[in-house]
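Dear colleague,

I am handing over the structure below, together with some notes on what was found in it. Please read the notes with the model open beside them.

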Amino acid sequence: MDGENRIILNVGGIRYETYKATLKKIPATRLSRLTEALANYDPVLNEYFFDRHPGVFAQVLNYYRTGKLHYPTNVCGPLFEEELEFWGLDSNQVEPCCWSTYSIHRDTQNTLAILDKLDIDSEKPSEEEIARLFGYEEAYLAGELGVWQRLKPKVWALFDEPSSSPPAKVISAISVFFICVSVLSFCLKTHPDLRVNFPTVAPFIVENTTVLHNNTKYLQNTTAMVETRWTDNGEPHVFFFYIELVCNVWFTIELLVRSVVAPNMIEFIKSPVNIIDFIATLSFYMDVLVELTVVKQYVDKADILEFISIIKILRLFKLTRHSPGLKILVHTFKASAKELTLLVFFLVLGIVIFASLVYYAEKSQDNPDNQFKSIPLGLWWAIVTMTTVGYGDMAPKTYLGMFVGALCALAGVLTIALPVPVIVSNFSMFYSHTQTRTDILHDLGPKEAEYRTAAGKKDGDLCTFPLVSEKRLHIIALI
């Protein structure tokens with residue numbers, strides 16, 4: 001009788017034996033509906049054969065026995081989900097103790113999807129991929145590409161794909177050079193030793209003039225221009241203008257060429273980096289226009305244009321097109337937006353609380369040197385203290401105020417330290433995946449790399465196909 005209640009399952013060449021009643025514990029699943037009429041039943045061996053992963057099935061069978069589904073650490077997450085789907089089980093039934101390990105593959109898939117959007121692989125895109133990007137795929141496959149359709153992607157690759165060819169790397173290096181020179185010039189021209197002083201005459205305003213009349217001195221409460229004095233109106237040296245002229249000529253040419261050959265003009269215009277580049281370049285020409293026209297007489301030193309020219313320093317963000325590390329850093333902050341928002345919220349909460357406490361703590365005792373005249377002044381002190389900067393311009397003098405200050409400093413250290421590991425972890429995850437993917441593509445041949453990249457994008461994973469060498473297996477294991 002006991003033999004009739006037992007059932008033999010051959011999964012991937014490994015035989016498992018259990019009771020039929022065990023498989024009936026979870027209804028509406030593949031194993032609960034086993035009958036001898038099924039095609040995978042072998043009457044000679046009296047067993048059911050399934051060509052599936054035996055390691056995952058061990059956990060599946062254990063789920064029928066104990067009612068608890070655990071995740072095997074020696075298989076990939078997508079494979080585990082596919083096996084559960086085949087056996088008719090829900091992946092949400094995984095035990096809480098395995099959630100952290102089981103969800104890693106989803107984080108990895110999200111990371112790979114972001115890296116695909118970043119397009120930071122160092123491999124040269126194929127001609128078919130470029131044709132698809134520009135919408136010329138049908139013409140490319142038919143072999144009917146025109147002269148402009150052939151030239152446009154090549155020019156685009158020169159300016160937007162630094163790793164596509166040696167000339168593109170040269171243009172990228174020139175662009176980085178001009179960006180650095182422009183930013184350095186913008187900073188250096190404010191140094192007093194690098195400015196030229198132009199003396200101008202200005203009235204010397206004297207109030208409450210003392211006047212001598214009939215040998216009697218009296219104070220005349222008037223305002224008079226009694227003398228003049230020299231004032232210095234410093235201007236940047238003229239060579240800074242020529243440096244900026246050369247740099248902006250390059251930026252203008254680069255911006256015009258990139259706008260003409262852009263695959264999608266709308267996306268090009270919407271790009272924040274391109275907007276910054278356009279405004280920074282425009283501010284230079286506006287400044288030149290003001291200098292050469294009479295507008296300069298009515299706009300005192302062109303204060304508005306001076307303020308707008310600050311955006312030139314933001315040209316450093318253009319380096320993200322040439323540096324994968326900067327791209328990863330930017331997207332790390334995007335991925336850590338929730339943690340950063342939480343950090344700001346707790347900082348604001350702590351700043352308001354401790355600013356109020358120190359204000360009333362300093363008022364609680366006789367304190368002639370009280371620097372906390374109001375809570376808004378206390379907000380500045382709380383910001384400086386919680387961020388551990390500590391300028392020392394304001395400090396509590398009473399014992400109760402010192403106690404509040406100590407609590408404020410400790411709370412600031414703990415508040416800032418909490419989300420930092422998450423941000424560091426996100427950056428490490430992005431960076432390690434990028435380096436690993438680059439190593440894989442370099443380790444493979446050009447044809448194999450193109451094949452695996454296409455397959456990886458199709459299947460959502462780069463480790464879909466087996467590799468041969470131990471080095472490649474080790475790289476895949478890191479992913």
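Glu47 has a relative accessible area of 5% in this predicted model, and since buried means under 20%, Glu47 is therefore counted as buried. Glu47 lies in strand β4, which covers residues 47–50, and its side chain makes a polar contact with the side chain of Asn10 at 3.2 Å. When residues up to four places away in sequence are not counted, Glu47 touches Ile8, Asn10, Arg15, Asn40, Tyr41 and Asp42.

Val181, in helix α10 (residues 166–188), is partly exposed, with a relative accessible area of 23%. Leaving aside neighbours within four places in sequence, Val181 is in contact with Ile243 and Cys247; of this pair, Cys247 is 66 residues from Val181 in sequence, while their C-alpha atoms are 7.7 Å apart in space.

The remaining notes concern a pair of helices, α11 (residues 238–260) and α13 (residues 272–292), which pack at an angle of about 135° with their axes 10 Å apart. The two helices are therefore oblique to each other, and their crossing is left-handed. On the α11 side the residues that meet α13 include Phe241, Leu245, Val249, Phe251 and Leu255, as well as Glu244 and Arg258, and among their counterparts in α13 are Asp277, Phe278, Phe284, Tyr285 and Val288. The residues of this contact divide into ten nonpolar, four polar and three charged.

Terms used:
Residues numbered from 1 in each chain as written. Predicted model: local features only at pLDDT ≥ 70, side-chain atom pairs only at ≥ 80, totals over all residues. Heavy atoms only, no water. Axes fitted to C-alpha atoms, helices over the stretch in contact; angles between N-to-C directions. Helix = DSSP H or I, 4+ residues; strand = E, 2+ residues; numbered from the N terminus. Parallel < 35°, antiparallel > 145°, perpendicular 65-115°, else oblique. Left-handed = near helix turned anticlockwise from the far one by under 90°. Contact = heavy atoms within 4.5 Å. Nonpolar A, V, L, I, M, F, W, Y, C, P; charged D, E, K, R; others polar. Buried < 20%, exposed > 50% of the residue type's maximum accessible area, 1.4 Å probe, protein only. Polar contact = N/O pair within 3.5 Å; in protein donor to acceptor, adjacent residues only side chain to side chain.
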